[in-house]
Amino acid sequence: MYARIREEIFQGHLEPGQRLRLVELSQRFSVSQSVVREALTRLSEQGLVRAAPQQGFSVVTVSLEALNELTEARIEIETLVLRRSLTRGDLAWQASVVAAHHQLAGTPVQLPDGTTNSAWFAIHERFHQSLLEGCGNSHLLAAALTLRDAATLYRRWSLPVGRDFDRDVAGEHRQLCDAVVRRDADAAVALLAQHIDRTSQALRTAIAATGIE
């Protein structure tokens, strides 16, 4: 139940701010209300659902301030860690980036029925993590990955909520991988910063258009 509701939030089927009524969800998924409540409680602990006294549960909304602060922090930390990786990473690290990109490039974003391929996101995350793993500093790596975890919802919402359908994500990843192969730190850092901000910009546009808080 937890996994199904979580994926519906990520897919945008349950929209930002939407009320999550126990009766409706229990009937829809043919489970008890207590099971739904437990799942929603877990999701609220992860910041995906908001629980308010006397009001019940709802999907979190997109906060422009939180989005901008998180984007700024990610660009600062992830680019720093990537530059360290390009300075310190050995051939094995470089090969791991190429291998992760090869798997990502061979995984479709959408399934034949037109729905988003959830497996793609895990492979996508593995590619981005591989970029950072050559930094040689476990504390910096942990800080970067923590920020990436915090931005998971925003990344997942960039398509269903931000509707950034014209973006060449595969091309952006290919350019990042190529820069790593060339050991071009300046290019890689610039590409990563643009890549992170492009995802956030789609949601900024959605916020401006809909008035989501």
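**Helix 3 and its surroundings**

The buried residues of helix 3 are Val 36, Ala 39, Leu 40 and Leu 43. Viewed along the axis of helix 3, these buried residues fall within an arc of 95°, so they line one face of the helix. The model discussed here is a predicted one.

On the other side of helix 3, Glu 38 and Glu 45 are exposed. The cover over the buried residues of helix 3 includes helix 1 (2-11), strand 1 (19-20), helix 2 (22-29), strand 2 (49-52) and strand 3 (56-59).

The length of helix 3 can also be checked. Helix 3 comprises 13 residues, 33-45, which at 1.5 Å a residue should span 18 Å; the C-alpha atoms at its ends are 18 Å apart, in agreement with that expectation. Helix 3 is followed by Gly 47, whose phi is positive, near 85°.

Among the elements that cover helix 3 is helix 2. The two helices pack at an angle of about 110°, and their axes are 9 Å apart. Angles of 65 to 115 degrees count as roughly perpendicular, and helix 2 and helix 3 are therefore roughly perpendicular to each other. Helix 2 passes helix 3 in a right-handed crossing. Helix 2 contributes Leu 22, Val 23, Leu 25 and Ser 26 to the contact, while helix 3 contributes Gln 33, Val 36, Arg 37 and Leu 40. Val 36 and Leu 40 are also among the buried residues of helix 3.

The loop between helix 2 and helix 3 contains Ser 30. The phi of Ser 30 is near 55°, a positive value in a residue other than glycine. Most residues other than glycine have a negative phi. With a relative accessibility of 65%, Ser 30 counts as exposed, because the threshold for that class is over 50%.

A positive phi is also found at Arg 183, about 60°, although this residue is not a glycine. Arg 183 lies in the loop between helix 9 (169-182) and helix 10 (185-210). At 31% relative accessibility, Arg 183 counts as partly exposed.

Buried in helix 4 are Leu 67, Leu 70, Thr 71, Arg 74, Glu 78, Thr 79, Val 81, Leu 82, Ser 85 and Leu 86.

Notes: Residues numbered from 1 in each chain as written. Predicted model: local features only at pLDDT ≥ 70, side-chain atom pairs only at ≥ 80, totals over all residues. Heavy atoms only, no water. Helix = DSSP H or I, 4+ residues; strand = E, 2+ residues; numbered from the N terminus. Expected span 1.5 Å × (residues − 1). Buried < 20%, exposed > 50% of the residue type's maximum accessible area, 1.4 Å probe, protein only. Arc of directions from axis to C-beta. Contact = heavy atoms within 4.5 Å. Axes fitted to C-alpha atoms, helices over the stretch in contact; angles between N-to-C directions. Parallel < 35°, antiparallel > 145°, perpendicular 65-115°, else oblique. Left-handed = near helix turned anticlockwise from the far one by under 90°.
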